Amino acid sequence: MTTTPNSARAAKDVEKDASMRKQKAMMAAHYDRLTSAPETGEKVCDTFVPGNLNELIRCFDLVNNLPEVNAIQSGLRRLSGGYVMEAEKIGHSEDVCTYVKSDIGMMAKGNLAPNGKPFPVPDVLLLSYTGCFTFMKWFELLREQYKCETIMLHTPYMGDGKITPNMIEYMVKQLKDEVIPKLEKISGVKFDIDRLREYLKQSAKAEDDLVHVLQTAKNKPSPIDSYFGGIYYIGPIFGAFRGTDDAVDYYRFLREEVDQRLAEGKGPVTPDGDMGSERYRLVVEGPPNYTNFRQFWKMFYEEGAVVVASSYTKVGGVYDFGFRHDPDKPLETLAEYCLNVYTNRSLPMRIDMLLNYLDEYQADGLLINSIKSCNSFSAGQLLMMREIEKRSGKPAAFVESDLVDPRYFSAANIKNRLESYFQMIEQKRANSRAVA
Amino acid sequence: MQTFVGIDLGSTTTKAVILDENREVLGRGITNSRSNYGTAARVAGEEAKVDGRFTLFRRALTEGGTLRGHVGDFMGALERAFRLEQFLEQLDDLERTCESQFKGGKFAALESQVRDALGEVCKRLRDEAPEMYAPGANRKSDFFRDIAGSRYHVHAEDVSRDAMLPYELLLNLYDKSIIEVENRPPSAGLSDKFLRALARVLAEDPTFGAEAEDVKATIESTLDLELEECYLIGTGYGRVTLPFSHEHIRSEILCHGLGAHMMYPNTRTVLDIGGQDTKGIQVDPKGIVTNFQMNDRCAAGCGRYLGYIADEMNMGLHELGPMAMKSDRPVRINSTCTVFAGAELRDRLALGEKREDILAGLHRAIILRAISIISRSGGVTDEFTFTGGVAKNEAAVRELDKVVRENYGDVTININPDSIYTGALGASEFARRAYIGGARPEARA
């Protein structure tokens, strides 16, 4: 896509934190490293965001490439619509996850990274999270395309609401018997557990800072938006940077930036600058829409609505309740991380988590953005909503869109529902004032 | 007198409700939404004011003990006479507006013939007007466009044939003028129109003659009463285009919830089927919305769906319900996609199925879709209030009743004859509350 002078101006006008600019530079460097792999000889491992094993991957000098993040990039850059249609032309049904179709369509149209250069052919596909069955099918398609080695680490679902020693043992066994030997073979690098420990130590540092940042939203006003802004904050840790010095630096920098905003009593930064006064505090469940990301966000900040906590920012892994990567139990900690992923939690666990957010973050209510093509998230959301309404007594609302298929974003409809919801909160407040 | 106005700008019609200081409905007005919501809001608002005057007349006559036992008859006669006056005034306006289109173009050569033909058409319309507003006369619609339009076409065809003029020329005149005419609010000379209508009633009906002076005095003093519009709230699809600010706007979901609560205070679940929306709303004992769901991405199963079906079957929208009621063996229509339903309909007709059975099936399909939306919002809780234009359709009501009972057992289903005004009613109450809470209207541009 050529950049028109108009869009260039629009892009320039968008307000960004220094941390956002830093992250942009990190991402650009990563894409350059990925796309120059054929020249540098670095080997590439495609893997998914939830429960990714970035520390382990790095032990084998592999560069990680995340197909969902590529689909998100395509969505934000308004390319995914064409890719999705291309995939449908090839024969993928309308109901298939649009991340998958964006990826397949992108491959069919030259497989270009955001820097305009082709993505490298991966040396290995590593599936470390199995709570989303689509991921398995996705990698089957990629294996067909790339004819490369595939490794699967089976992560048991937390159906009973807890992690048992058996689960950890089962996963560690797979790591020892299957994952590590294969990665050694593919990379030609001998596994060094002390190297893993070092990376895990770095991960925990960045994780501490991320949790601190996300929890600043407990303040009134919140200095951050934990959904729209939160997506930027989770980028490096759930992407290619966890366990790196870059991630440690980034999260330290972000923490200072957010603490500064907090000290100044400022609200979140939006694409239109500092947000006005905070009128509604929301907890949001479900992924965002990426094709109309700013338009969607604007519907919130224009009304003074801040998202103080979201489940989507836990899609890579959940740190709120104390989990940190632990260098003293290197393989066990990787297993625990994968098991803890938000969508690997049973519905009652998700309900408890969202209720906890509503309470701890003093939110006015729960909003669900239900994604047409994502079963991992969408199944059970209505039930969750009812239960949360019942137990919290706070109002909930439901909007629908899609991840990266622009055909499923109906702006007027979503705006109508959001406005109704904000007024519903207002009405409830007025009523409790009257009662008091 | 302080009044509070609610306006619901729907995709098909615009409704206005005026509430008085005692939270009672003073007047209701409805008009086509057209493409211009600003005009529609003005016209519906003026209609509600007219209706409000009738309410005030009725109250004053009842309180004053005038026309004891005949107030209802008198008000009926006065309203018919007023509507006739209004019709005649709009007809004059139509004639003038049509004449203003003559200049040049295709009319140049035929101007005097067209003028005569138009005059003749309007004369015929004027002559038959009193009959249309006679007691018991059945008017298809209350909108000038509908009433005048259908008769204009009939007369224009006859007149143009006799005058050897192209029929299209007269039709074209009408089409070019009607929007302009209906966009002019009926406010000008309102008092005069009431007084003319009053004179007509008193002259034509000797029953009221004995108390003529008292009646006249009561009407005149009521006309002098100033109605102060304290606050206005707009809602509905066109709300964002209204010429007033954010503070004067409420979501239609909240307005429908509150309006249904005002009509039936025990309401807990509301179903509203409008032109392009189906909404399932749950409200608490105070009328506060606790949850809602609405159709997403597709408006099949809404009012417009019925409009499309009516077109497919070459029928009027208001004829669908009565025909479906004749069915005792509804056909199963599986599709809730409007376009597919049209195809299925033609298919069924070709197979020889009866029209009433097909229509009954279509009404059931709409209700099944609505029930699915309600389920998502939390199901049906007693009492259940059905609102919106589709609530006027008896076949839809019959199917709803059946489906609700099948799924939720014995539930009280409320349908108000004024259910189309539910959103506007809720909006007017929001206006009243805002005013009481200290809100004041900003100066309008």
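Mentor: Happy to! Keep in mind that this is a predicted model. Let's begin with chain A, which contains 18 helices and ten strands. Its radius of gyration is 21 Å, close to the 22 Å that the globule rule gives for 436 residues, so chain A is as compact as a globular protein of that length. Along the principal axes, the C-alpha atoms of chain A fill a box of roughly 70 × 55 × 40 Å. Of its 436 residues, 50% count as buried. Now think about contacts in chain A between residues at least 6 apart in sequence: 77% of them join residues at least 24 apart.

Now for the close look, in chain B. Find helix α4 of chain B, residues 144–163, and then helix α5 of chain B, residues 167–182. Their axes come within 10 Å and cross at roughly 160°. An angle over 145 degrees counts as roughly antiparallel, so α4(B) is roughly antiparallel to α5(B). The crossing of the two is right-handed.

Which residues in α4(B) and α5(B) meet? On the α4(B) side they are B:Phe144, B:Arg145, B:Gly149, B:Tyr152, B:Ala156, B:Glu157 and B:Ser160. Facing them from α5(B) are B:Tyr167, B:Leu170, B:Leu171, B:Tyr174, B:Ile178 and B:Glu182. Sorted by class, this contact has eight nonpolar, two polar and three charged residues.

Note on methods. Residues numbered from 1 in each chain as written. Chains lettered and ligands numbered in written order. Predicted model: local features only at pLDDT ≥ 70, side-chain atom pairs only at ≥ 80, totals over all residues. Axes fitted to C-alpha atoms, helices over the stretch in contact; angles between N-to-C directions. Helix = DSSP H or I, 4+ residues; strand = E, 2+ residues; numbered from the N terminus. Parallel < 35°, antiparallel > 145°, perpendicular 65-115°, else oblique. Left-handed = near helix turned anticlockwise from the far one by under 90°. Contact = placed C-beta atoms within 7 Å. Nonpolar A, V, L, I, M, F, W, Y, C, P; charged D, E, K, R; others polar. Rg over C-alpha atoms; globule rule 2.2 N^0.38 Å. Buried ≥ 20, exposed ≤ 12 C-beta atoms within 10 Å, placed from the backbone.
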